[in-house]
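Let's walk through a protein model together, one question at a time. Have the sequence and the 3D view open as you read.

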Amino acid sequence: MCASVKYSSRGPALIPRMKTKHRIYYITLFSVVLLGLIATGMFQFWPHSIESTAEWSLDRRSVHDAPLVRLPLSSPIPERGDLSCRMHTCFDVYRCGYNPKNRIKVYIYPLQRFVDEVGVPISSTGLSREYNDLLSAISDSDFYTDDVNRACLLIPSIDVLNQNSLRIRETAQALAMLPRWDKGVNHLLFNMLPGGPPDYNTALDVPRDRALLAGGGFSTWTYRQGYDVSIPVYSPLSAEVDLPERQPGPRRYFILSSQTAIHREYRVELERLKEENGEALLLLDKCSNLSQGMASARKRCYKGQVYDYPQILQESSFCVVLRGARLGQATLSDVLQAGCVPVIMADSYILPFSEVLDWKRASVVIPEEKLPEMYTILKSIPHRQVEEMQRQARWFWEAYFRSMKTIGLTTLQIINDRIYPYAARTYEQWNNPPVVKWSSVNNPLFLPLIPPRSPGFTAVVLTYDRIESLFRVITEISKVPSLAKLLVVWNNQNKSPPEESLWPKVAVPLKVVRTKENKLSNRFFPFDEIETEAVLAIDDDIIMLTSDELQFGYEVWREFPDRLVGYPGRLHLWDHEMGKWKYESEWTNEVSMVLTGAAFYHKYFNYLYTYKMPGDIKNWVDAHMNCEDIAMNFLVANITGKAPIKVTPRKKFKCPECTAIDGLSLDQTHMVERSECINKFASVFGTMPLKVVEHRADPVLYKDDFPEKLKSFPNIGSL
């Protein structure tokens, strides 16, 4: 008891002494920990990067100021390169992540000077002007980030554009030493001159693991489709020579060959073609009689006559681009700049940016063995098509070949489209030049490329006084499962519509709208009663379409809500004898219009037709009581830049009970006026927006010998 009291009496006396003795120690320790936590938080969240650099440009940072990195002889070497690599196997898309702008972020490694153990650089030229321009353009773009942790794509500052200047082994070791290399995953290399003598490989010989390669000379054997990017070989003349754009049309020469280092067999064959066709073909070669001080790269000669290069290219309709020691040739860029149609003869060559560019619109590709037939092949191309190709060739150069900047940013955009396919550029955006790609030529509906959520469609039936056929049309349309509403536009001011009790009994709302004037444009008025996005415009005599055909047409429209989707197809042709456009209603496989006597479209186009139709087209249609369907085709094609879609094989749309006095389209002057309409509308629009396609959408299995119950649309009409 006493011991207990004594112990407890000592306890209280010890506690205050301990606090006093260690108070400073605990306060100091707590402060250090707190400051450490604050510093760690600032380091984590403050914008920075361990490997970040200032804005990438040699204007601000000289190569000589870059840190020196020695490569030990035993440094690891990457693997040769995996030919089986694809975006889903060798590319880590999870590094890219989601961002509202759907744009990848690209990081450029800091500039370093790599040398071997004895101090010899890995490249004989260091950093070329072209590669500096490329990296500077990327650093100035929206793709660039200086935070390596945010980067989707990483680009080394090691210049491998020209393999001739590289030490292969040491360059590969330098790549492997990059801090984020990781077997080349998500790394991009740019190379324009691959291979070397004697075999001249068509891809960069530097071992590169899984890195993507933007290469300028791919063949079908070395190109990893959907992974690598085929780029052009940049021509330095693009920066040195300003060639003003020349209007498309006939030129002084029909074919011109300007390459100086082509194989002897090709040269002999070209000389034979020259003998056969005379002045139509100009065969140039390097000059041997130039005075001192004259730049030989900018001169070409033929029998002692000197021509300025590349200016002479503008004097020919077609320019030959033959393979040399390498498949990729800078001549292709020069030819495009001149607005000359390239005739490409390089078997297995992967054309630049062919993943997105339609080269059929700007070039002629001929197998090498067909060189003797080149003149005959080119002569078979219509003059109008040649002019379009000349225009397209020049635009390809301006948009994608003009500079290292355009080449680099186009490459990144292609990779960006792979990673964010739902936000990718369309075929039209890649291939349509500004003269036809107006600011409004894209999806005018501002809708994602998925089926709309609004259920069903509204059928708008234009009628005058054909009561019997009108009722038959209503009865047939009412059988379509997706029909949401029927709207009858009564265009007869002298006669009242039938009484309500006489109309067919249908399961959907039926509304009759009486117009104040008899105008064909009334069928495209944006009536408040149209609540669905989809509209079916149909005449009161189209009684032959089945419910399956109509339902299938609606299903196709849901996939292409910015198109006209219809059944009767028509074509416009250029009449060379008359020098004007001609309307064609014969049975052809080509289609440039679908008649709105039976067609689906988005109700947005009703507003455009009624309130935004150019010029006096709408009044002209109402005055002539004709061509409202052609006007709608012009309007939609001009806004979207796309062709209509014809569905189902049926081509006959005549009303079996109708007589000549029943319909407008049976009048003798009807076809003549239709041709006049096309020429009138083309004049008002200032261009010909209609697109000719050879395409038709049919249901799967509709012609196959399968039980009807296995077919989604069994009742599809024949021709």
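This is a predicted model: local features need pLDDT of at least 70, side-chain atom pairs count only at pLDDT 80 or more; totals for chains, interfaces and linings use all residues.

Me: What percentage of the residues in the protein chain is buried?
Reply: Buried means under 20% relative accessible area, exposed over 50%, and partly exposed in between, with a 1.4 Å probe and protein chains only. Of the 719 residues in the protein chain, the buried share is 52%.

Me: Which percentage of the contacts with a separation of 6 or more comes from residues 24 or more positions apart?
Reply: A contact here means heavy atoms within 4.5 Å. Among contacts in the protein chain with a separation of 6 or more, residues 24 or more positions apart account for 77%.

Me: How many salt bridges does the structure hold?
Reply: Side chains of opposite charge can pair when their charged atoms come close. The cut-off for a salt bridge is a side-chain nitrogen of Lys or Arg within 4 Å of a carboxyl oxygen of Asp or Glu. One network of salt bridges links Asp92, Arg95 and Asp182. In total, the structure holds 30.

Me: Where do arginine 272 and glutamate 276 sit, being about one helical turn apart?
Reply: Their side chains meet in a salt bridge, 2.1 Å from N to O. Arginine 272 is partly exposed at 30% relative accessible area, while glutamate 276 is exposed at 51%. Because they are four residues apart in one helix, about one helical turn separates them, and that helix is α6 (residues 264-277).

Me: How many residues apart are arginine 418 and glutamate 355?
Reply: The side chains of arginine 418 and glutamate 355 form a salt bridge at 2.6 Å, N to O. This pair links distant parts of the chain, with arginine 418 in helix α10 (residues 404-419) and glutamate 355 in the loop between β13 (341-345) and β14 (364-365); the separation is 63 residues.

Me: Are arginine 466 and aspartate 541 buried or exposed?
Reply: These two form a salt bridge, with their closest N and O atoms 3.7 Å apart. Arginine 466 lies in the loop between β15 (457-463) and α12 (467-477), and aspartate 541 in the loop between β18 (534-539) and α13 (547-559). Both are buried.

Me: Which residue in β13 is the bridge partner of phenylalanine 318?
Reply: Two strands pair if DSSP finds at least two bridges between them. Strand β12 (residues 316-322) and β13 run parallel and are joined by five bridges. In β13, phenylalanine 318 has as its partner valine 341.

Me: Which residues of β13 are buried on its two faces?
Reply: Five of the five residues in β13 are buried. One side carries Val341, Val343 and Met345, and the other carries Pro342 and Ile344.

Me: Which residue of β14 is the bridge partner of valine 343?
Reply: β13 and β14 pair in the parallel sense over two bridges. In β14, the partner of valine 343 is valine 364.

Me: Which helices do the buried residues of α15 pack against?
Reply: Helix α15 (residues 617-624) has Ile617, Trp620, Val621 and Asp622 as its buried residues. They pack against α14 (604-611), α16 (628-640) and α17 (670-685).

Notes: Residues are numbered from 1 along each chain as its sequence is written. Side-chain values use heavy atoms; hydrogens and water are left out.
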